[in-house]
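Please open the model in your viewer and keep the sequence beside it. The stops below say what to select next and what is there.

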Amino acid sequence: MWFVTLTNALSVSGAADQWTIRRSNLSLVLRHLRDHGPRSRARIAEETGLNKATVSNLVADLSGRGLVAERAVERDRPGRPGMTVSVDGTGVCGIGAEINVDYLSVLAMDLGGVVLAESRRPLDTRVAGALVAFDLLGDLVSDTATAVAGAGASIAGVTVALPGLVSSADGYLRAAPNLGWQAVPAVDLLLRRLGNPGYPVWADNDANLAALAEYRWGVAAGCGDLLVVGGTFGVGAGVITAGSLVRGAHGYAGGVGHLPYDDDGDVCVCGHRGCWETVVGLRALLVAATSADDPVRDPSVDLSRRLAELIRRGEAHDSRTLAAIERLGTDLGVGVSILVNVLDPAVLVLGGYFAPFGHWLTSSIQRELSARVFGTAGRCQLEVSTLGFSAAVRGGAQLALDAVFDDPTRIRRAPAARAAVPTQGAYV
Ligand SMILES: [Zn+2]
């Protein structure tokens with residue numbers, strides 16, 4: 001009997017291997033189309049090293065899952081039109097959700113990068129507390145999911161962006177001093193609120209997700225050595241090196257807001273004195289630029305509107321506003337000089353609440369970089385984000401969609417297409 005058992009084991013193992021190879025090849029073709037654009041089956045085969053029959057079979061499978069589409073294109077010479085395969089973005093979407101100090105935000109994006117829905121609501125999260133904030137976020141996510149599902153899109157998953165130390169492996173927010181939260185089971189809370197919706201939920205640090213969005217969609221898209229500095233009340237960085245996000249040993253890399261900056265400075269929300277974010281965080285700018293009763297400090301007003309008012313005052317040459325922005329630019333420049341010396345990024349992107357003030361901040365930052373970065377002056381290109389407060393939620397949606405690019409079988413084939421694809425055989 002032993003050989004029968006062994007044969008069965010080998011058979012199961014062989015089927016599993018074949019399934020793994022097929023899944024890997026589906027991912028290879030889908031990512032190739034994402035990264036290089038529409039092309040013919042023959043060209044996919046040539047460029048990926050897969051044979052033509054395998055590519056045809058894989059394209060049929062991806063098409064059955066609604067992930068690619070084939071379209072006829074005119075050829076230069078007479079004859080049958082050629083067919084090109086492209087990523088079909090419309091059938092699948094990822095959702096990014098964010099809890100920050102003054103707002104909640106949700107964005108849905110399809111596989112082709114088209115934003116299907118975006119909403120933000122002001123909330124004094126620190127006062128509301130974690131349970132209320134996750135309840136309200138769950139409502140926003142649920143409304144968005146219902147809308148995109150009603151339009152015919154499958155939901156690949158939801159990623160929650162949080163301003164603190166996030167353990168993405170177990171979905172816990174370990175600490176978010178700007179929210180006053182500790183040990184919050186973020187993924188569990190949202191799943192419970194959504195009623196276990198049948199799609200996965202992840203959690204990640206907001207600066208990490210913003211960096212992913214900048215890398216894919218932003219002003220320095222495709223730059224493999226990228227430093228993104230942003231935030232609001234808290235300040236963080238997302239670091240892309242050689243095309244990959246730097247997470248560190250515990251997933252907490254990028255907490256640059258707590259770099260020791262001024263021994264005589266204010267006490268930070270983390271308990272230490274003089275952290276960098278005590279001088280470059282939004283709280284410091286509001287204190288420097290406004291009085292205590294100024295409506296610009298009112299957390300019940302949408303943050304974009306409050307920042308727009310500060311920009312209006314700057315453009316009207318209000319001296320207090322301009323002095324505060326100038327001070328911010330210098331302190332930002334000194335801090336990012338440290339980061340550039342350590343990390344040597346090709347591009348530094350100014351994101352978060354810094355971006356709307358970018359045209360005032362860049363000259364001060366550039367001055368400090370030139371004075372303080374060791375080595376070739378101007379080696380790091382400075383850019384201002386065009387994604388603004390959408391960066392973290394866009395990155396969250398992207399992370400959910402990346403799971404589909406890594407494993408297209410997460411999306412089920414339509415029943416009609418299932419019969420067209422062999423369940424086993426030579427094509428993997
Ligand atoms: Zn601190």
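**From a strand pair to a metal site**

In this predicted model, begin by selecting Val 158 together with Val 201, its bridge partner in strand S10. Widening the selection to strand S6 (residues 154-162) and S10 shows two strands that run parallel and are joined by five bridges.

Next, select the whole sheet, which is open and consists of five strands in the order S5-S4-S3-S6-S10, with mixed pairing. Strand S5 (115-122) and strand S10 (201-205) stand at its edges and have a single partner strand each, so one side of each is left without a neighbour in the sheet. If direction is ignored, neighbouring strands of this sheet are turned by 15° against each other on average.

Then move to the zinc ion and select its protein donors, namely His 258 through ND1 and Cys 268, Cys 270 and Cys 275 through SG, which lie 2.1 to 2.3 Å from the ion. Along the sequence, these donor residues are spaced H-x9-C-x1-C-x4-C. The angles among the four donor atoms are 105 to 122°, and the site is tetrahedral. For reference, the ideal angle for four tetrahedral donors is 109.5 degrees.

How values were computed
Residues numbered from 1 in each chain as written. Predicted model: local features only at pLDDT ≥ 70, side-chain atom pairs only at ≥ 80, totals over all residues. Heavy atoms only, no water. Pairing = 2+ DSSP bridges. Helix = DSSP H or I, 4+ residues; strand = E, 2+ residues; numbered from the N terminus. Axes fitted to C-alpha atoms, helices over the stretch in contact; angles between N-to-C directions. Donors = N, O, S within 2.8 Å, 3.2 Å for Na, K, Ca; no water. Tetrahedral: all angles 85-135°; square planar, octahedral: opposite > 155°, others 65-115°.
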